[in-house]
Amino acid sequence: MSNFLAFESMTEGLENKVRQDLKFKTGNFLWKIRFNVPLDPKTVNNVNLYVTTINMSPLKTAIRYNSLENEIEVEPLEPYSQEESYILNITTKVKSLGGKALKQPLQVQFKIDN
């Protein structure tokens with residue numbers, strides 16, 4: 001059992017459940033990742049949680065943690081390209097307040113739709 005309730009995303013005010021290889025229609029897609037336990041805010045950063053291209057080139061992002069909702073937001077600081085595929089990476093270094101790490105890293109591949 002993982003420490004996640006669900007992946008959720010917001011795009012133009014509509015909530016969508018995220019699936020592997022889901023295509024989005026905006027270059028400024030905001031990820032919202034909800035956890036089922038409170039997180040250690042010191043472990044929620046752009047080293048432990050990041051977005052890369054499929055070729056592992058890092059994308060500049062802003063990472064925010066909402067402790068009331070146990071939710072992390074990952075916002076791109078540069079628009080996603082329609083020609084590129086991306087991977088949202090969540091490492092096992094993201095930990096709960098009690099110090100428990102994820103059992104395995106998580107990756108979600110996505111692409112912006114034309």
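Which side chain meets Arg 34 in a salt bridge? In this predicted model, the partner is the side chain of Glu 71, at 2.7 Å from N to O.

**View 1. Arg 34 and Glu 71 bridge two strands.** Arg 34 is partly exposed, at 23% relative accessibility. Glu 71 has 5% and counts as buried.

**View 2. Lys 32 forms a salt bridge with Glu 71.** The N to O distance is 4.0 Å. Lys 32 sits in strand 4, which spans residues 30–35. At 18% relative accessibility, Lys 32 falls under the 20% cut-off, so this residue counts as buried.

**View 3. Lys 32 also forms a salt bridge with Glu 73.** Here N and O are 3.5 Å apart. The pair links strand 4 to strand 8, across 41 residues. Both Lys 32 and Glu 73 are buried. Their side chains also make a polar contact at 3.5 Å.

**View 4. Salt bridges join six named residues in a network.** The members are Lys 32, Arg 34, Arg 64, Glu 71, Glu 73 and Glu 75. The model has 5 salt bridges.

**View 5. Tyr 80 and Phe 110 form an aromatic pair.** The model has 4 aromatic pairs. In this one the ring centres are 5.2 Å apart and the planes stand at 85 degrees, so the pair is edge-to-face. Tyr 80 lies in the loop between strands 8 and 9, and Phe 110 in strand 10. Both residues are buried. With Trp 31 and Tyr 86, they form one aromatic cluster.

Key
Residues numbered from 1 in each chain as written. Predicted model: local features only at pLDDT ≥ 70, side-chain atom pairs only at ≥ 80, totals over all residues. Heavy atoms only, no water. Phe/Tyr/Trp six-rings, centres within 6.5 Å; stacked < 30°, edge-to-face > 60°. Helix = DSSP H or I, 4+ residues; strand = E, 2+ residues; numbered from the N terminus. Buried < 20%, exposed > 50% of the residue type's maximum accessible area, 1.4 Å probe, protein only. Polar contact = N/O pair within 3.5 Å; in protein donor to acceptor, adjacent residues only side chain to side chain.
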